[in-house]
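Subject: Structure for you to look at

Hello,

Here is the structure I said I would pass on. Please open it before reading the rest.

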Amino acid sequence: MSFSDMPVDVGPVYEGERIRSKQMFVELGGPKIPKHFELVKVRKPSEIKDGEVILRGIDLGEMEEGSRHPIGILVEVAGKELEEDLEAVFERRIHEFCNFINGVMHLNQRYTNWMRVSKKAIEKGFNSFKQMGTILIRLFKAELPIIEQAQVTMITNADVIEEYYDMAIETYEKRDERARGLHDDDVDMFYGCVLCQSFAPTHVCTITPDRTSLCGSINWFDARAAAKVDPKGPIYAVPPGECINGVAGEYTGVNEITKKRSLGEVERVYLYSGMEWPHTSCGCFEAIDFYIPEVNGHGIIDRNADMKAINGLAFSTMANQTGGGKQMPGFNGISLQYIASPKFQIYDAIQEGLEHGIELTVWMNSELKERVKQFIPEDLQPKIATEKDVSNMNELREWLKEKEHPVVATWVEEEEEEEYEEEWAEEGAMVPLGTQTMTIPGAGGIGGFKIILKNCKVHADALIIKRIDKSAKRKKKK
Ligand code: SF4
């Protein structure tokens, strides 16, 4: 495979290239454009023309510097051994292959795809989507020899995107619905993916029926199909091994492979917890599940939300904290499908005396709540606040009390806590502020230490970390 006819270099060395706004010629898709997508469909050989790139809309070189445009990428493939199950996995490779192009940055997937093309690439002569489509076709056929023919349609016209958009959304939904019928206990094999290590070198995804990948684009069926056709590729089988903790979703096989693939960085994973040994996050998660210590609950904000969450932070601010391949208790990148899973953060709920992970959710941005409403138990739906209901923590706290949200039952009586703290203070010991853990972002769950906070405001001139002499701990008076 050669790219000598292309004006820019192409290769894995350019994966991870960042294009900042100052370096950018144009932006395609992304959160500020309402409709955009990327999709792979398996077709019959007679339905496509191998090597053909079709452009619908204005071309790259015709765009104004600094402008933003919608983008639709439809890759149609054919081959004797191709099956529909492989579409999602091929589709995820669009991210990787676009990033092979020097001067192109691609983020996310499905209907959240987001690209930038650099000024330097344009100066070198990379000024047509036909070039981009040709590169994609060559890479698809070279990297995945099971693909015998490929055709690419690049769309930049918003009206034309509209024609394809519903079909793309229906395809994603059909894939997700199929996966929702299967659960972790029904299978004897999990799968892993390290496609995002170019951006987050220690990030390792574990994909199980109950835990769709956090990018939302690879479910258990997709991963199984990918591992079958390319067992040495970035998606591979993970024999779960012994189940160490069924509630937390800790398995010896998952721990071993995660440790190996993260180069020793991540040693343990609780698949169903956002607070203890959580799954790592790369950067392309669909939503963030974040702990709200003030109410001992969780909020969820999705990638498209153009607002600040109830904790005062925007998605992008929290994404910086959440991503990068670290275990970050209290900040988890998740897929929307995981919210529908019966295993969704169930370990954390059970630690708090609740039955279902979703019962810990106290806040969602309104658009997300509408999208996942069907997955939320009916009686809980009116109890989860959105930005339309509350605007600060006091209001949230009052809302939860008034609506009798299940999380209220987990609040420890304040008087009880005060008495407890006084006793510790009498001993001159540092005061543990409760049992609900929240790791201060940055400390991570990997070695180091955790600071445990609960419903508190901290004002301090100095922070002293001191080992507690257990003999000094006095029993609480009745
Ligand atoms: S988020 Fe996970 S499953 Fe999705 S492409 Fe990245 S590593 Fe693979």
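Below is what was found in it, part by part.

The model is predicted, so local features are given at pLDDT of at least 70 and side-chain atom pairs at pLDDT 80 or more, while totals for chains, interfaces and linings use all residues. Residues are numbered from 1 along each chain as its sequence is written.

The sheet

Four strands form an open sheet in the order S16-S14-S15-S17, and their pairing is mixed. Helices (H or I, at least four residues) and strands (E, at least two) are DSSP runs, numbered from the N terminus. Two strands pair if DSSP finds at least two bridges between them. The edges are strand S16 (331-334) and strand S17 (361-364), each of which pairs on one side only. From one strand to the next, the twist averages 25 degrees; here axes are lines fitted to C-alpha atoms, for helices over the stretch in contact, and angles run from 0 to 180 degrees between N-to-C directions. Strand S15 (residues 297-302) pairs with S17 in the parallel sense over three bridges. Gly299 has Trp363 in S17 as its bridge partner.

Helix H3

Helix H3 (residues 129-143) has 15 residues and spans 21 Å from its first C-alpha to its last, close to the 21 Å expected at 1.5 Å a residue. The expected span is 1.5 Å times one less than the number of residues. Its buried residues include Phe129, Met132, Leu136 and Phe140. A residue is buried if 20 or more other C-beta atoms lie within 10 Å of its own, exposed if 12 or fewer, and partly exposed in between, with C-beta atoms placed from the backbone. An α-helix has 3.6 residues a turn, so residues three or four places apart point the same way.

Two residues with positive phi

Arg110 has a positive phi of about 45 degrees although it is not a glycine. Arg110 sits in the loop between strand S6 (104-107) and strand S7 (114-118). Is Arg110 buried or exposed? Arg110 counts as buried, because it has 21 C-beta neighbours inside 10 Å.

Leu263, also not a glycine, has a positive phi near 55 degrees. Leu263 is in the loop between helix H6 (252-261) and strand S14 (287-292). Leu263 is exposed, because 11 other C-beta atoms lie within 10 Å.

The ligand

Of the 13 residues around the ligand, Cys193, Cys196, Cys205, Ser213 and Cys215 come nearest. A residue is near a molecule or strand if its C-beta atom, placed from the backbone, lies within 6 Å of it.

Regards
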